[in-house]
Amino acid sequence: MPVPWFLLSLALGRSPIVLSLERLVGPQDATHCSPGLSCHLWDSDILCLPGDIVPAPGPVLAPTHLQTELVLRCRKETYCDLCVRVAVHLAVHGHWEEPEDEEKFGGAADPGVEEPRNASLQAQVVLSFQAYPTTRCVLLEVQVPAALVQFGQSVGSVVYDCFEAALGSEVRIWSYTQPRYEKELNLTQQLPDCRGLEVRNSIPSCWALPWLNVSADGDNVHLVLNVSEEQHFGLSLYWNQVQGPPKPRWHKNLTGPQIITLNHTDLVPCLCIQVWPLEPDSVRTNICPFREDPRAHQNLWRAARLRLLTLQSWLLDAPCSLPAEAALCWQAPGGDPCQPLVPPLSWENVTVDKVLEFPLLKGHPNLCVQVNSWEKLQLQECLWADSLGPLKDDVLLLETRGPQDNRSLCALEPSGCTSLPSKASTRAARLGEYLLQDLQSGQCLQLWDNDLGALWACSMDKYIHKRWALLWLACLLFAAALSLILLLKKDHAKAAARGRAALLLYSADDSGFERLVGALASALCQLPLRVAVDLWSRREMSAQGPVAWFHAQRRQTLQEGGVVVLLFSPGAVALCSEWLQDGMSAPGAHGPHDAFRASLSCVLPDFLQGRAPGRYVGACFDRLLHPDSVPALFRTVPVFSLPSQLPDFLGALQQPRAPRPRRLQERAEHVSRALQPALDSYFHPPGTPAPGRGVGPGAGDGT
């Protein structure tokens, strides 16, 4: 059994320690005080108005400590209520002010002022009691004789009997004087329930209370309720919240003894259990047994999430309140630890589900949020990377501003912050002069600014390219020479290693379909295939024109023994049907990038003259178009439905050197995994109807 469950069984075993309470007879409140003091309780409650702190005119009585004791207030032998007895300990604070004449001239004080110093002290002490749904304030008058007045010394205590409270409730007690000379004392106490008191025969609401025990069995937790078979009771699981109402998780009315099993992954520190008999005015017993359990705390941090709301605002989602603080850090690419930006920024306390803000001017993908608890990193997320892209190879400059408009700059690196300019051997130091020029010319992005300093993100790409240009050129020349030698010696083997060329043609129905085509082309590039698609050649196609670009790509692909892939969609089928109905009149290009429309004038003659087999294959996407919807003329070549027929499709693309079936299946699974996110995004975009269904002739039925 793990240690946490062993401790839990000690705290919540079948035989809890019970307390025997003193009994008070009668409903009247009362007060008594230490020997030598006199005290009096006002007849009625007062308004709970502490007021502002005022200067003390001299020595005053002030509460120094609160002490509570549980008692029973009984109207009959077996009809009692739980009551909280409060003792307020008092001391003399403050001192007499020296007379003005004595302070100025050093002479003796006027004998007339000696008399107040020997007088007794009086105070009005307020006790404020709060236990949902009750709030009360009582006033105690206390008098201390002159013989007991010693500055800074305790003079005794005054005891109040008593505040009635419900079993298992949380009570809060405040004490202060009226007028108030010091900050009020406060005390919060969780009262026990019927399990921890010898009151089952004295408090009516405890007579039929179910008894709850918590035990463990491996990774599971059992809630055991030992009640009679006739006993009806309610059981509720909820997340107790420091701020706001509890969040209910599970509730059920049950009968008789029960054993309820919880999985250890459901445990969090604020998971509490409430049980009560299904009777009028019954007491509800609440226990929260997992507050100190390490596994519950681990589950809590696993469930915690950071969520970006705007450029500057974010919040922490978690089931329970967390003692945590957060700060920004800078995450450089390469796997180095994220470097906290403290200083110049500071750690901020985090409250669960409360919007927090960082004073940023701009977002950056390298900015991340770190959340610490008890000086241990618990959570880190780069919130801005989702909207601004992957990490960039930028340098973060920290500007520090001093008096008289003095300022200094350093570049944040894994080894620390390197001052600029610097003669160090780090990358930022070597490029420090260029970074300073970029900063002065406004080419760096300012992320944060205040009177003490600023943060700037400067790009390093162009300097890295410039510095290594000669080395890259030498490498390229060497690679070109090596490639030429290999080409001359092993031309056939080289061609096989490069893979077969594939020209991908499609109709640009909409932007979503274009992204789907791009995902397919990228996945095919991971295989021994050289894929050409107009998405990656827009500038070249705009310069040459769609017709000229397609003719050049088709000629090159077929001369190299490649294959042309016709990717059919509802829009492509409509264009083909339009061309066939017009009697072989070539349709004009409607847009600068519409290669499919431009390609029909050259593709269709190949099919009509029987030259298509072996040089063309067709494909369409499942749920978007059924292969039978493709015009019969184009079904003279294989038409595959993707991704369901990916192995056959890849085999046709890689002919005549198709890999073995097992290797082909592995490649098909790889392409399917790469293609699946794009398919999900196209057919099931969040919050919108799935595009591409029922559009154009032959749209699929989703099967």
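Arg 307 is partly exposed, with a relative accessible area of 41%, where partly exposed covers the range between buried, under 20% relative accessible area, and exposed, over 50% (1.4 Å probe, protein chains only). This is a predicted model, in which local features need pLDDT of at least 70 and side-chain atom pairs count only at pLDDT 80 or more, while totals for chains, interfaces and linings use all residues. Residues are numbered from 1 along each chain as its sequence is written, and side-chain values use heavy atoms, with hydrogens and water left out.

Arg 307 forms a salt bridge with Asp 317, and the closest N and O atoms of the two are 3.1 Å apart; a salt bridge here is a side-chain nitrogen of Lys or Arg within 4 Å of a carboxyl oxygen of Asp or Glu. Because Asp 317 lies in strand E19 (residues 313–317) and Arg 307 in strand E18 (residues 305–308), the pair ties together parts that are ten residues apart in sequence. The labels for such elements come from DSSP runs numbered from the N terminus, with helices (H or I) of at least four residues and strands (E) of at least two. Asp 317 also counts as partly exposed, at 23% relative accessibility.

In soluble globular proteins, nonpolar side chains tend to be buried together.

The salt bridges can now be followed into other parts of the chain. A search of the whole structure finds 21 of them. One of these links Arg 85 with Glu 22, whose closest N and O atoms are 3.1 Å apart. This pair joins distant parts of the chain, since Arg 85 is in strand E5 (residues 79–93) and Glu 22 in strand E1 (residues 22–25), 63 residues apart. Arg 85 counts as buried at 11% relative accessibility, whereas Glu 22, at 38%, counts as partly exposed.

Another salt bridge is formed by Arg 554 and Asp 606, with the closest N and O atoms 2.7 Å apart. Arg 554 lies in helix H13 (residues 546–559) and Asp 606 in helix H15 (residues 595–608), so this pair ties together parts that are 52 residues apart in sequence. Arg 554 is buried, with a relative accessible area of 13%, and Asp 606 is buried as well, with a relative accessible area of 1%. Elsewhere, Asp 29, Asp 45, Arg 73, Arg 75, Asp 81, Arg 136 and Glu 164 are linked in a network of salt bridges.

Strand pairing can be followed around strand E30 (residues 453–459), which is largely enclosed by the rest of the structure because six of its seven residues are buried. Two strands pair if DSSP finds at least two bridges between them. Strand E26 (residues 394–401) pairs with E30 in the antiparallel sense over seven bridges, and the bridge partner of Leu 398 in E30 is Leu 455. Strand E29 (residues 445–449) also runs antiparallel to E30, joined to it by four bridges, with Gln 446 standing opposite Trp 456. A hairpin of three residues connects E29 to E30.

Some features of the backbone complete the picture. A cis peptide bond joins Asp 161 and Cys 162, with omega about -15°, and Cys 162 has its place in strand E8 (residues 154–164). The peptide bond from Leu 420 to Pro 421 is also cis, with omega near -5°, and Pro 421 is found in the loop between strand E28 (416–420) and helix H6 (427–430). Asp 353, although not a glycine, has a positive phi of about 60°, and it lies in the loop between strand E22 (348–350) and strand E23 (356–357). Glu 375 is likewise a residue other than glycine with a positive phi, near 60°, and at 78% relative accessibility Glu 375 counts as exposed.
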